[in-house]
Amino acid sequence: MTELRTVPSIRATKRRHGGQSLVMVTAYDAPSARVATDADVDLILVGDSVAMVVAGYDDTLHVTIEEMAYHTAAVARTKPSAVVVGDMPWMSFHVSVEDTVTNAASLIRAGAKCVKMEGGAKRIPMIEAILNAEIPVMAHIGLTPQSSNVMGGFKIQGRQAEAVHDLIDEAKQLEACGCFALVIEGVPNAVGKMITDAVDIPTIGIGAGADTDGQVLVYHDIIGLENRFKPRFVRRYGTAYEDQVAALSSYAQDVRTGAFPAENEMYLIKDDLADALGLYGSTAPGERSENDSASVSPNNERNR
Ligand code: KIV
């Protein structure tokens, strides 16, 4: 029986206070959420990376709040022991405070226990409004993919001293305004450590080195289903793409050769119906040969 994680239990997990590293993984559907639960992860992020990983877009800017709610609900229906984090997509928290709170609430109603929002200090008014609606917020700084056009691509952040000081300052402000955790993406390892040391809330890194309070990776990268490119920070733990091509190729071959389906994979007709349809001709059941059953097998035991 896996332990039920909650926002307060995650908030209390800081490595320097003796906490174990937090494990977060993305999931966008029920099967992957069940796998994540059986692997005993701490947090499941229904990330806007679904736009790139599943929907095939080149960036995350194309996914809507309705689509995020759909994926969040699919994950939440599996009742995971991990905290489900609903990712606020681009333009869901940029227009007005009212709009932002309504959008965050739609992810909570879909089953998320908290929301994640990209961006630093300039997002604080929206974050405060969400917190006032009793919705916990996980912040996300560093390489924020929703800003890819402003950043000129998916570029590692915190490469200059001033930028590093800004990141640390923003992390402190996000903690002070009430965020319960902080994702740090795409910064040099020493910067990940400096930010982690500067705050008392847990940090969860992706491409941010080994000194954050936890790690997050995209599900499809971990299992090797995304095999077209492998960023430096990804470690593949499986060969799902190759395994699935092999499985589908075997299926295709069996269909083409007639090896699939076999008799134990068919619904067999019952003797009385076969008789009524005249499928056995005039032969009595006891005298039927294997060949008589080529199209209708009298083996009712396996009928379902
Ligand atoms: O959407 C996502 O998958 C993310 C992670 C990369 C942190 O935001």
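What you see is a predicted model, where local features need pLDDT of at least 70 and side-chain atom pairs count only at pLDDT 80 or more, while totals for chains, interfaces and linings use all residues. Residues are numbered from 1 along each chain as its sequence is written, and side-chain values use heavy atoms, with hydrogens and water left out.

A quick word on terms. Helices (H or I, at least four residues) and strands (E, at least two) are DSSP runs, numbered from the N terminus. Two strands pair if DSSP finds at least two bridges between them.

Now, back to our pair. Strand E2, residues 43–46, and strand E3, residues 83–87, pair in the parallel sense over 4 bridges. That pairing is part of a barrel: 8 strands close in the order E1-E2-E3-E4-E5-E6-E7-E8, with parallel pairing. From one strand to the next, the twist averages 25°; axes here are lines fitted to C-alpha atoms, for helices over the stretch in contact, and angles run from 0 to 180 degrees between N-to-C directions.

Let's look at the other neighbour of E2. E1 and E2 run parallel and are joined by 3 bridges, with Val25 opposite Ile44 of E2. And which way do the side chains of E2 point? Leu43 and Leu45 go one way, Ile44 and Val46 the other. All of them are buried, meaning under 20% relative accessible area, with exposed over 50% and partly exposed in between (1.4 Å probe, protein chains only).

Next, the helices. H6, residues 124–132, lies across strand E4 (114–118) and strand E5 (137–142), and runs at about 175° to E4. Helix H8, residues 161–177, packs on the sheet and touches E5 and strand E6 (181–185). The direction of H8 makes about 175° with that of E5.

H2, residues 30–38, has Ser32, Ala33, Ala36 and Thr37 buried. They sit on the same side of H2 because they cover an arc of only 145° around the axis, the arc being that of the directions from the helix axis to the C-beta atoms. The buried residues of H2 pack against strand E1 (22–26), E2, H4 and helix H10 (219–223). Just after H2, have a look at Asp40, which takes a positive phi of about 60°.

H4, residues 65–76, holds His71. His71 has a relative accessible area of 16%, so it is buried. Beyond its neighbours within four places in sequence, His71 is in contact (heavy atoms within 4.5 Å) with Tyr28, Val46 and Val50. So that brings us back to Val46.

H9, residues 189–198, has a similar story to tell. Val191, Gly192, Ile195 and Thr196 are its buried residues. Their arc around the axis is only 135°, which puts them on the same side of H9. Among the elements covering them are E5, H8, E6 and E7. In the loop between H9 and E7 you will find Val199, which counts as buried at 1% relative accessibility. Leaving aside neighbours within four places in sequence, Val199 is in contact with Lys14, Arg16, Ala171, Lys172 and Glu175.

Last stop: the ligand. Which residues are around the ligand? They are Thr26, Leu45, Gly47, Asp48, Ser49, Asp87, Lys116, His140, Glu185 and Ile206, each with a heavy atom within 4 Å of it. Some make polar contacts, that is, pairs of N or O atoms within 3.5 Å. The side chain of Ser49 has an N or O atom 2.5 Å from a ligand oxygen. For polar side-chain atoms of Lys116 the distance to a ligand oxygen is 3.0 Å, and for Asp87 it is 3.2 Å.

His140, also around the ligand, has its place in strand E5. With a relative accessible area of 4%, His140 is buried. Its contacts, outside four places in sequence, include Lys116 and Glu185. Thanks, and I'm happy to take questions!

Methods
A polar contact is a pair of N or O atoms within 3.5 Å; within protein, one must be able to donate a hydrogen and the other to accept it, and residues adjacent in sequence count only if both atoms are side-chain atoms.
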